[in-house]
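Visitor: I am new to this structure and would like a close look at a single part of it. Please take me through the disulfide and what surrounds it.

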Amino acid sequence: QVQLVESGGGLVQAGGSLRLSCVASGSIFSINAMGWYRQAPGKQRELVARIGSAGTTTYADSTEGRFTISRDNTKNTVYLQMDNMKPEDTAVYYCNAIVETYSRKGNYWGQGTQVTVSS
C-alpha cells in the first residue's frame, strides 16, 4: 500500500505565499512523476504542476511564473511553492504520484488540503 499525505494548506491574503508538501510512504520501489492538482467548487480537477523523476517540470498556464514545484527523492516528497497568490487559486489541492511498488505500478492521490486566498 502507498499513502500520500499533504500538508501546508491554509488561508492567505492575495499576493501572499504558501508552501505545500506531500510525503509518499509505504511499500515503494520507485516514484515516477509527482504532481499537484486542484479542484475549486463546481469545477473539474485540474493540473497545477507536475515534475518527472529527473526533474522535468510542467505547469498550468495559470500558475507558471508564480508557482514552483520541486521534489526530494531521498524523502519521497514533492513540494509546491505558491507565490503572488490570487483569489482564483482557492481550491482543494491534491498530491498525485505514479508509484511502483514491488508488485504493481499505480496512480495514487492524497486526501487533499484546502487553500483559500482572500482578496
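Guide: Cys 22 and Cys 95 are joined in a disulfide, with 2.1 Å between their sulfur atoms. The model is a predicted one. It holds one disulfide. The link between Cys 22 and Cys 95 is left-handed, with -80 degrees about the S-S bond. Cys 22 belongs to strand S3, while Cys 95 belongs to strand S9 (residues 91–101), so the pair ties together parts that lie 73 residues apart in sequence.

Next, the exposure of the two cysteines. Buried here means under 20% relative accessible area. Cys 22 has a relative accessible area of 0%, so Cys 22 is buried. Cys 95 also counts as buried, at 0% relative accessibility.

Strand S3, where Cys 22 lies, covers residues 18–26 and is joined by six bridges to strand S8, residues 77–82. S3 and S8 run antiparallel. One of the residue pairs between them is Leu 20 with its bridge partner Leu 80 in S8.

Both strands are part of an open sheet of four strands, in the order S1-S3-S8-S7, with antiparallel pairing. Strand S1 (2–7) and strand S7 (67–72) stand at the edges of this sheet. Each of these edge strands has a single partner strand, so one side of each has no neighbour in the sheet. From one strand to the next, the twist averages 15 degrees.

Conventions. Residues numbered from 1 in each chain as written. Predicted model: local features only at pLDDT ≥ 70, side-chain atom pairs only at ≥ 80, totals over all residues. Heavy atoms only, no water. Pairing = 2+ DSSP bridges. Helix = DSSP H or I, 4+ residues; strand = E, 2+ residues; numbered from the N terminus. Axes fitted to C-alpha atoms, helices over the stretch in contact; angles between N-to-C directions. Disulfide = S-S within 2.5 Å. Buried < 20%, exposed > 50% of the residue type's maximum accessible area, 1.4 Å probe, protein only.
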